Amino acid sequence: MAAPAAGKLVYEQDGIFIHSSTERNEDQDSLISGILRIIEKDGELVVEYKPLEDGVDLSNMLYAGKDSSSVVEWTQSPTEKTPKNAEHQHSYEAEWDMINTVSFKKKPYTNGEGTSNHVHERSKWAFFFNVIDLKTIKIKLEGWSHLVFCLKDETSLPALHFHQGGSDLFIDCLKKYVLINESLFDERVLIVSNYNKSLSQSFENLFDDTTFGLVQKFRKDPYTTTMGGFSKVTNYLFDAFRGADVEHQQRPAAEMADILNEVIPGLEINHQEEPGFEVIKRIDLGTKPDVQRREPVSVEDWTKNMDTEGRIQNVHDLKQRIFNGGLCHAVRKEAWKFLLGYFPWNSTRDDRKVSQKRKTDEYFRMKLQWKSVSEEQEKRNSRLRDYRSLIEKDVNRTDRTNTFYEGPDNPGLILLHDILMTYCMYDFDLGYVQGMSDLLSPVLYVMENEVDAFWCFVSFMDQMHHNFEEQMQGMKTQLIQLSTLLRLLDLAFWNYLESQDSGYLYFCFRWLLIRFKREFSFQDVLRLWEVMWTGLPCQNFHLLVCCAILDSEKQKMMDEHYGFNEILKHINELSMKLDVEEVLRKAEAICFQIKNCKDLPYAVCEILEVIPDTTTPAAEICEHRALDTRSPPNATCTDELQPNPVPNGRD
């Protein structure tokens with residue numbers, strides 16, 4: 001039979017029966033014969049069963065049933081007003097109140113107009129589902145083999161009986177697209193690890209399309225497996241090979257590492273032939289200096305650095321104070337606007353009022369763009385539809401334990417949703433990528449204002465944009481840079497990671513992607529981010545934060561001979577156990593240790609933007625240049641700091 005026009009037919013078998021009666025008898029009326037198909041279209045994989053007497057071609061409905069769970073329907077509700085902060089009552093914001101009154105409600109997600117997600121109205125026995133909704137397959141091989149599909153919403157579909165055999169061929173075909181593992185608890189149950197079409201660009205493009213078969217094995221819902229409260233990037237990678245409920249079954253570390261290395265092309269950073277590899281062995285960094293943290297910048301400290309017109313004075317000294325101790329929470333709402341670049345440091349109060357008025361108008365014009373799109377229009381705009389779907393799902397699972405976002409009908413959720421939707425209008429090419437809600441959440445928490453939070457988020461995304469771009473070059477570059485720094489700081493530890501097939505540093509991926517958002521407590525994230533936003537004491541300080549964490553854990557890994565799986569598990573379990581002040585102290589000490597090095601490789605100088613030692617002999621400079629094929633940078637360190645020996649941090 002010819003493949004349906006709506007997609008590519010990758011499997012088809014007729015003579016598949018449903019026993020419509022629970023009793024086994026020879027009455028042919030109790031047997032419904034049909035055709036089982038697997039259809040692929042635009043990266044979607046759909047399993048379809050159609051009784052022969054059913055003339056409806058369900059293959060044309062490939063997108064029905066993407067998500068069998070409930071979704072949030074966001075509706076404009078003029079009668080329901082969200083609580084507003086007093087700051088929202090400015091006259092220029094009141095003009096936009098007509099589009100700023102939204103509420104949300106739950107509704108079951110249905111297929112089409114009232115049609116069930118899995119059973120078409122033309123036949124109660126016909127069904128289809130997207131493979132991303134498949135949870136398990138129950139099998140019976142004795143006598144007539146049959147399969148029972150169980151979906152993630154706990155729906156069990158009718159058993160399909162293979163009277164003429166062939167169930168193994170169906171399973172083999174499915175294995176080309178998803179991972180299937182036998183349950184440890186019941187050999188008759190197969191666990192399906194599947195992917196989601198609405199995959200984050202970040203994760204989808206980390207894996208190259210040339211390794212298509214392997215890519216399919218990784219395509220699982222990236223938010224729940226990577227950004228979720230208990231799921232980590234390490235589990236995201238590890239579970240892809242062990243199956244959803246296989247707790248102890250593991251593949252050899254070398255085999256897993258080889259596959260990981262293949263699916264992220266461009267990260268060939270651990271080979272012995274890497275330029276300059278041997279040179280680093282001869283570098284003596286010396287000891288790390290003792291660094292002390294200070295007390296946070298208080299309201300008094302902040303205001304005394306402001307002149308009568310509201311200009312910030314002594315900007316460099318103030319940034320250094322923020323780097324050394326962070327900000328007290330009462331200062332953050334104002335100070336973050338400067339740190340993120342929403343307000344220029346040399347602006348006056350009047351300048352900022354004019355700017356806020358202009359930015360408010362600009363924000364609500366963009367918000368009106370998506371608020372005014374009708375349902376009919378959205379049906380013809382698949383990108384906006386996909387952005388909205390991802391945002392609605394992610395908003396419902398972002399920091400819900402924080403009082404600012406917890407509970408149903410929370411206005412914080414509405415603001416989170418609206419800002420992310422408006423950002424899609426601001427940068428439609430990038431739109432929304434899973435993980436961005438994690439970056440917005442603390443900003444909105446501090447700002448408590450929709451417009452200010454949006455523009456601060458825009459500034460933050462200007463810094464983080466490369467993490468979410470389609471080709472993932474920013475993430476690849478950071479992992480390569482981190483590997484270079486680790487080789488400089490502790491070649492023995494880096495060699496150990498390499499010997500355990502962990503030299504590609506995949507376990508640091510989430511640290512870099514969302515700036516440690518899931519590694520520290522919420523309040524510690526606020527402190528960490530404001531310190532990093534100062535731009536001190538060097539460029540790419542976040543890479544030194546990674547080095548500091550690994551420096552604290554390396555001895556345990558090596559002493560206990562952690563292998564590939566143990567390293568992933570150990571890094572995984574550090575979440576919410578890290579002391580932000582200790583990590584910052586160590587990261588700063590590492591920075592000074594590197595700056596004091598006399599024979600610093602130019603690749604490191606470029607990563608951190610530090611000034612290379614001009615006393616280094618020319619021959620050695622040429623040798624160190626081998627670390628990077630590009631010309632040595634004219635690097636400067638514009639914000640040179642000295643270790644602070646003051647124990648209590650008071651000026």
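**Exercise 1. Arg-332 and its surroundings**

Find which residues Arg-332 touches, leaving out those up to four places away in sequence, and say where Arg-332 sits.

Solution. Step 1: with residues up to four places away set aside, Arg-332 touches Leu-327, Val-446, Met-447, Gln-523, Leu-526, Arg-527 and Glu-530. Step 2: Arg-332 belongs to helix H10, which covers residues 329-339. Step 3: the relative accessibility of Arg-332 is 3%. Buried means under 20%, so Arg-332 counts as buried. The model used here, and in every exercise below, is a predicted one.

**Exercise 2. The chain as a whole**

State how many helices and strands the chain has, and what share of its residues count as buried.

Solution. Step 1: the chain holds 25 helices and 11 strands. Step 2: it has 651 residues, of which 58% count as buried. Step 3: among contacts in the chain with a separation of 6 or more, 71% are between residues 24 or more positions apart.

**Exercise 3. The open sheet**

Give the strand order of the open sheet of 9 strands and name its edge strands.

Solution. Step 1: the order is E6-E3-E2-E1-E9-E8-E7-E11-E10, and the pairing is antiparallel. Step 2: strand E6 (127-130) and strand E10 (179-182) each pair on one side only, and these are the edge strands. Step 3: on average, neighbouring strands of this sheet are turned by 30° against each other, direction ignored.

Step 1: take one pair inside the order. Strand E1 (residues 8-19) and strand E2 (residues 31-41) run antiparallel and are joined by 9 bridges. Ile-18 has Ile-32 in E2 as its bridge partner.

**Exercise 4. Nonpolar cores**

Which residues have the most contacts inside the largest nonpolar core?

Solution. Step 1: the largest core has 125 residues, and Trp-302, Phe-468 and Leu-544 have the most contacts inside it. Step 2: apart from neighbours within four places in sequence, Trp-302 is in contact with Val-297, Ile-312, Leu-318, Ile-322, Val-331, Glu-334, Ala-335, Phe-338 and Trp-345. Step 3: a second, separate core has 30 residues, including Ile-38, Phe-129, Ile-139 and Leu-160.

**Exercise 5. Cysteines**

How many disulfides does a search of the whole structure find?

Solution. Step 1: the search finds 0 disulfides. Step 2: for Cys-508, the nearest cysteine sulfur is that of Cys-546, 5.3 Å away. A disulfide needs sulfur atoms within 2.5 Å, and Cys-508 is in no disulfide. Cys-508 counts as buried, at 0% relative accessibility. Step 3: Cys-547 is in no disulfide either, with the sulfur of Cys-546 as the nearest at 6.7 Å. Cys-547 is buried, with a relative accessible area of 2%.

**Exercise 6. Backbone details in loops**

Where is Pro-537, and what kind of peptide bond joins Leu-536 to Pro-537?

Solution. Step 1: Pro-537 is in the loop between helix H20 (522-532) and helix H21 (541-559). Step 2: the bond is cis, with omega about -5°.

Is Asp-399 buried or exposed?

Solution. Step 1: Asp-399 is in the loop between helix H13 (382-395) and helix H14 (411-426). Step 2: its phi is near 50°, a positive value in a residue other than glycine. Step 3: its relative accessibility is 11%, so Asp-399 counts as buried.

Key
Residues are numbered from 1 along each chain as its sequence is written. This is a predicted model: local features need pLDDT of at least 70, side-chain atom pairs count only at pLDDT 80 or more; totals for chains, interfaces and linings use all residues. Side-chain values use heavy atoms; hydrogens and water are left out. Two strands pair if DSSP finds at least two bridges between them. Helices (H or I, at least four residues) and strands (E, at least two) are DSSP runs, numbered from the N terminus. Axes are lines fitted to C-alpha atoms, for helices over the stretch in contact, and angles run from 0 to 180 degrees between N-to-C directions. Buried means under 20% relative accessible area, exposed over 50%, partly exposed in between (1.4 Å probe, protein chains only). Contact means heavy atoms within 4.5 Å. A nonpolar core is a set of buried Ala, Val, Leu, Ile, Met, Phe, Trp, Tyr and Cys residues joined through side-chain atoms within 4.5 Å.
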